[in-house]
Amino acid sequence: MYASLREYQGIEDPEDLQRLLREGLLAEMEALPGFIAYYFVDVGAAGDRMISLTVFESIDSCQQSNRLAAAWVDRWILDNPSKGPLISRVDEGPVISMARAVGR
């Protein structure tokens, strides 16, 4: 398994962004081969900083998800030039350990 962690800054309306993600980017992510999971986490005091974690079976799909996310942000900024999000950091690599609740 491989995971990609992206950090976004400058998000003015996290709820609106979540809606847009569900309507666009997430469908593209889910369509990639070996998609396992996507998480979008608010780590800023007022939603101004968020991270996403995407998990795939292969490094190729993991890297493709980073390209999809960057293209999605570029399109979003063209439509909303005065608002975030801006990708400030992208990391990817193999998942070396994991835990899961049993029965969920």
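1. A residue is called buried when its relative accessible area is under 20%, exposed when over 50%, and partly exposed in between. By that rule F35, at 24%, is partly exposed. Please keep in mind that this is a predicted model.

2. With the aromatic rings in view, you will find two aromatic pairs. One of them joins Y8 and F40 edge-to-face, with 6.1 Å between the ring centres and 70° between the planes. This pair ties together distant parts of the chain, since Y8 belongs to strand β1 (residues 2-9) and F40 to strand β2 (residues 35-42), 32 residues apart. Y8 is buried, at 4% relative accessibility, whereas F40 is partly exposed at 23%.

3. F35 comes back here, as it pairs with F56, again edge-to-face: the centres are 5.7 Å apart and the planes stand at 70°. This pair, too, links distant parts of the chain, with F35 in strand β2 and F56 in strand β3 (residues 49-56), 21 residues apart. F56 has a relative accessible area of 0%, so it counts as buried.

4. A polar atom of the S65 side chain lies 2.6 Å from the backbone oxygen of C62.

5. Finally, have a look at what surrounds this serine. Leaving aside residues up to four places away in sequence, S65 touches S4, R6, M29, L32, T54 and F56. F56 is thus a contact of S65 and also the ring partner of F35.

Notes. Residues numbered from 1 in each chain as written. Predicted model: local features only at pLDDT ≥ 70, side-chain atom pairs only at ≥ 80, totals over all residues. Heavy atoms only, no water. Polar contact = N/O pair within 3.5 Å; in protein donor to acceptor, adjacent residues only side chain to side chain. Contact = heavy atoms within 4.5 Å. Phe/Tyr/Trp six-rings, centres within 6.5 Å; stacked < 30°, edge-to-face > 60°. Helix = DSSP H or I, 4+ residues; strand = E, 2+ residues; numbered from the N terminus. Buried < 20%, exposed > 50% of the residue type's maximum accessible area, 1.4 Å probe, protein only.
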